[in-house]
Amino acid sequence: MKALDELTFDNRFARLGDAFSTHVLPEPLDEPRLVVASKAAMTLLDLDPAVAETPVFAELFGGHKLWAEAEPRAMVYSGHQFGGYTPQLGDGRGLLLGEVYNDAGEHWDLHLKGAGMTPYSRMGDGRAVLRSSIREFLASEALHALGIPSSRALCVIGSSTPVWREKQERGAMVLRLAHSHIRFGHFEYFYYTKKPEQQAELAEHVLNLHYPECREQPEPYLAMFREIVERNAEMIAKWQAYGFCHGVMNTDNMSILGITFDFGPFAFLDDFDAHFICNHSDHEGRYSFSNQVPIGQWNLSALAQALTPFISVDALKEALGLYLPFYQAHYLDLMRRRLGLTSAEEDDQKLVEDLLKLMQNSGVDYTLFFRRLGDESAALAVTRLRDDFVDLAGFDTWAERYKARVARDGDFTQEQRRERMHAVNPLYILRNYLAQNAIAAAESGDYSEVRRLHEVLTRPFEEQAGMEQYAQRPPDWGKHLEISCSS
Ligand code: AMP
Ligand code: MG
């Protein structure tokens with residue numbers, strides 16, 4: 001276990017130089033204080049969890065202090081936002097403090113979000129508010145616990161610094177961890193600004209550091225792109241299987257590692273709704289829940305375009321063609337498991353689709369349906385769940401098919417079935433109303449609710465004594481919360 005001053009830095013991205021990022025110092029928050037820290041994320045850096053409670057922790061991650069070896073940089077990138085190209089974006093309020101490596105030799109970027117203005121701030125103030133910082137913290141750690149690839153969050157530091165959004169709020173910083181902060185938009189930036197040398201340097205950097213196994217392939221860049229396609233397909237399959245809606249799938253928010261990245265107005269589905277739009281600025285529903293699948297491919301083609309100097313168009317097209325089959329395989333595999341099935345049959349896809357059609361507009365809670373399905377034998381479970389559906393005859397037909405399918409799947413005890421299903425069907429997810437309750441308490445200075453909710457969400461599959469209220473459907477006020485997009 002390390003103390004804070006024992007972290008070892010190796011700032012590989014900073015060494016790429018000024019064409020890639022600009023040196024900027026964090027702008028401190030007033031009266032920094034710890035809101036919440038993730039013990040699990042601290043162990044990624046070999047940090048002793050006890051150090052989170054020390055004043056120096058809040059000073060470091062509230063922008064007051066810096067390690068001598070840190071090299072804070074704002075990265076430049078661009079990206080397609082809502083389908084249109086924005087030629088220059090970049091870290092407008094976040095700084096890559098440096099790269100730390102742990103005893104296992106893994107590198108982690110330390111990225112401080114809300115750290116003040118940078119050359120890329122455009123009209124923004126460089127700040128992040130407590131509300132959005134808590135949401136990012138909870139979401140990244142909750143997704144990770146569900147097995148969905150995501151950036152991680154070390155802590156949220158609150159402050160008394162006023163920040164103006166729709167109303168006056170308080171500034172905060174969230175310390176994000178990821179093996180890389182390189183986005184699709186990094187490649188687009190160097191492609192569209194016609195800087196082939198830097199683009200080649202970036203591609204080498206990503207290949208060597210993040211896809212070294214692709215070096216062995218006859219066409220390393222193509223192998224790397226294929227891997228990026230597969231990882232994105234897998235990530236999005238998991239979003240769809242667990243009802244996660246990202247909300248702002250612009251290419252500047254897509255990680256080159258295929259991890260969930262840059263949390264804004266995201267939401268987990270409560271009632272199942274394929275057309276759900278969590279981002280209130282998304283009037284066309286470009287990033288609606290079901291559109292995430294084709295948008296994933298759209299984003300990969302934007303990346304492919306930026307990789308045309310390295311890979312032939314035909315090869316890129318062929319690799320892009322792998323996206324949907326990869327997606328479908330991962331999605332179906334997970335949905336089979338959510339239904340408690342251990343084998344594969346031709347009609348399983350249809351079984352899943354028909355269930356979702358029945359759920360749509362019936363107000364069925366997406367998470368609890370699957371959890372309850374595993375509580376009991378298939379026959380008992382469908383009898384109990386039946387009342388949640390509007391189309392009872394339709395559900396009965398589905399239930400008969402499901403029971404027959406379960407019977408063909410094998411002879412398992414109910415104990416085995418429950419254990420297997422509960423291991424993939426969470427009881428606790430980050431519902432918007434739960435986040436909202438925790439944020440309201442934190443805004444009035446009480447951080448106990450954020451901390452408790454975080455704890456519950458780190459073990460989403462395990463029933464936890466005394467935590468029944470976190471497994472409830474939303475109350476009426478919490479069903480259609482308007483989550484502000486300002487952050
Ligand atoms: P986002 O929609 O949060 O992914 O941000 C899009 C772009 O706007 C990125 O370049 C951000 O760094 C920048 N940005 C967002 N909020 C702010 C802010 N308050 N101050 C400065 N830049 C910001
Ligand atoms: Mg972003």
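Q: What are the ground rules here?
A: This is a predicted model: local features need pLDDT of at least 70, side-chain atom pairs count only at pLDDT 80 or more, and totals for chains, interfaces and linings use all residues. Residues are numbered from 1 along each chain as its sequence is written, chains are lettered from A and ligands numbered from 1 in the order in which they are written, and side-chain values use heavy atoms, with hydrogens and water left out.

Q: Which residues coordinate the magnesium ion (ligand 2)?
A: Asn253 through OD1 and Asp262 through OD, at 1.9 to 2.2 Å. Donors are N, O and S atoms within 2.8 Å of the metal (3.2 Å for Na, K and Ca); water is not among the atoms, so the site may look incomplete.

Q: Is Asn253 buried or exposed?
A: Buried, with a relative accessible area of 8%. Buried means under 20%, exposed over 50%, partly exposed in between (1.4 Å probe, protein chains only).

Q: And where does Asp262 fall, buried or exposed?
A: Asp262 is buried, at 13% relative accessibility.

Q: Where is Phe261?
A: In the loop between strand E12 (244-245) and strand E13 (267-268). Helices (H or I, at least four residues) and strands (E, at least two) are DSSP runs, numbered from the N terminus. Phe261 is buried, at 1% relative accessibility.

Q: What does Phe261 touch?
A: Leaving out residues up to four places away in sequence, its contacts include Asn253, Arg176, His181 and His246. Contact means heavy atoms within 4.5 Å. The C-alpha atoms of Phe261 and Arg176 are separated by 9.9 Å, with the two residues 85 apart along the chain.

Q: New topic. What is phi at Asp46?
A: Near 60°, a positive value in a residue other than glycine. Asp46 sits in the loop between helix H1 (39-44) and helix H2 (55-61).

Q: And what about phi at Lys194?
A: Positive, about 55°, and Lys194 is not a glycine. Lys194 is exposed, at 69% relative accessible area.

Q: At what angle do H10 and H13 cross?
A: Roughly 150°, with the axes of H10 (residues 348-359) and H13 (residues 392-409) coming within 10 Å. Axes are lines fitted to C-alpha atoms, for helices over the stretch in contact, and angles run from 0 to 180 degrees between N-to-C directions. H10 and H13 are therefore roughly antiparallel. Under 35 degrees counts as roughly parallel, over 145 as roughly antiparallel, 65 to 115 as roughly perpendicular and the rest as oblique.
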